[in-house]
Amino acid sequence: MKKLFDPWQIKTVKIKNRICFPPVVCYAWGTEDGYVTQENVEHYRKVAKGQTGLIIQEATCVDRNGKLAANQLGIWEDGQIKGLSEIADAVHKEGCPIFIQIHHAGVSGLDGELACPSDYSFYKDGVKKAGKEMTIEEIHKVQQEFTDAAVRAWKAGYDGVELHGCHQYLMCEFFNRWVNRRQDAYGEHRERFAVEILRAIKEKVPEDFVVGIRLGGFEPRLEDGVRHARVLEKEGIDFIDVSYGFSGEDDPKAPADFPYEKCIYAAAQIKRAVSVPVFAVNGITDPEMAQDILERTDVDMIDIARGIIVNHNWARDAMEGRDTGKCLHCRRCLWCENPDTCTGRKILEKNLQRKKEFIDNL
Ligand SMILES: Cc1cc2nc3c(=O)[nH]c(=O)nc-3n(C[C@H](O)[C@H](O)[C@H](O)COP(=O)(O)O)c2cc1C
Ligand code: SF4
């Protein structure tokens, strides 16, 4: 397990191992104003206490009209900085660095006429989403919102930001040629929307503040994902976290004998093409699998999302050779709507209780 527990760093941010808790939204604790609640703070404190190497805070919206859920956390106004700084402080006190994912839902937003690079509609969870082509002024406004959000994140004490550039949200929509059919410069160079945001953020924040991206590995195909990664590297991106792109408008492929998720294959291929750190995610269930992926693909960081929802102490338990628990891969993960419904966590807690009772009775 040596590699999984190897310390490393991104710029000046020291990371004690290769285990990252990637963004995982929880609307159960939020309110419509997007302000941080005490439950948010305690949740991230526990994840940090569990010896997690790095936390990337859940998708936090840059625009009150760009939310993916009514109670999503926000970073669109200065008043939100105080609550966000409580999360950053709590995590830092446990010796863990924290980035924040900054997000705009685009055509996957709540309702009404939704922002999208081109006129585009699709069904998400059975609900029709209708996107209207953004004007140049609208594009520039959202780019400014991302930049302002990054400055707020820096002021709140985060170590960096992750641009949300995958999973059917606005930045991802610009990258994907089957969604972005614009005839102007934002369609000709589909990285342009993200690149201009990256440049603007870099101008506003100190040199050591980390700016990374969560990118679709297949956007729509792997060669596009690799090209986007190369362009972003040239523009100074600090890390690339590789996930799936615009689901339904992508073409994920991996060799039949690749034993893990296709987007882990995409992360491996992107790692071969760039020299910035690359993170891999999806379906990584136990420490042995995490170690094998690190060795097989040469990626730098392993994201454990549902595994850490089930067990905040996943990293500590892995390090000390204990059972890390099991996500049951429920048909739909209901954790974000009600954390008490996580069956994997309930089973783990029951097992721990039984063990304690057994030891007490010895
Ligand atoms: C409840 C829930 C909420 C999520 N929220 C986000 C999010 O805010 N931003 C994001 O990029 N991915 C989000 N994801 C995706 C996870 O970060 C991760 O990529 C996915 O769960 C696969 O990793 P896993 O197999 O380790 O769970 C979410 C996933 C779940 C289950
Ligand atoms: S056990 Fe079910 S509810 Fe819990 S994290 Fe896994 S999928 Fe989500």
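**View 1. The second largest pocket of this predicted model holds about 440 Å³ of space.** Of the 20 residues that line this pocket, N65, H104, E113, L114 and A115 are the closest to its centre. A pocket, found on a 1 Å grid over the protein atoms alone, is an open set of points where a 1.4 Å probe fits, with protein on both sides within 12 Å along at least five of seven lines, and a lining residue has an atom within 4 Å of a point. Grid points are joined across faces, edges and corners, and the volume is the space filled by probe spheres set on the points. At least two lining residues come from each of β6 (114–116), β8 and α3 (136–156), and α3 gives the most, with 3 residues; helices (H or I, at least four residues) and strands (E, at least two) are DSSP runs numbered from the N terminus. By class, the lining has 5 nonpolar, 6 polar and 9 charged residues, where Ala, Val, Leu, Ile, Met, Phe, Trp, Tyr, Cys and Pro count as nonpolar, Asp, Glu, Lys and Arg as charged, and the others, Gly among them, as polar.

Residues are numbered from 1 along each chain as its sequence is written, while chains are lettered from A and ligands numbered from 1 in the order in which they are written. Because the model is predicted, local features need pLDDT of at least 70 and side-chain atom pairs count only at pLDDT 80 or more, whereas totals for chains, interfaces and linings use all residues, and side-chain values use heavy atoms, with hydrogens and water left out.

**View 2. Helix α2 (residues 81–93) packs on α3 at an angle of about 55°, with the two axes 8 Å apart.** This angle makes α2 oblique to α3, given that angles under 35 degrees count as roughly parallel, over 145 as roughly antiparallel, 65 to 115 as roughly perpendicular and the rest as oblique. Axes are lines fitted to C-alpha atoms, for helices over the stretch in contact, and angles run from 0 to 180 degrees between N-to-C directions. The contact (heavy atoms within 4.5 Å) is made by I81, L84, S85 and A88 of α2 and by R152, K155 and A156 of α3. By class, this contact has 4 nonpolar, 1 polar and 2 charged residues.

**View 3. The axes of α3 and helix α6 (residues 192–204) come within 9 Å and cross at roughly 40°.** That angle makes α3 oblique to α6. Residues of α3 in the contact include I139, V142 and F146, and those of α6 include F193, I197 and I201. The contact of α3 with α6 has 9 nonpolar, 2 polar and 3 charged residues.

**View 4. The axes of helix α1 (residues 38–49) and α2 come within 8 Å and cross at roughly 25°.** The two helices α1 and α2 are therefore roughly parallel to each other. In α1, Q38, N40, V41, Y44, R45 and A48 meet E86, I87, A90 and V91 in α2, and the residues of this contact divide into 6 nonpolar, 2 polar and 2 charged.
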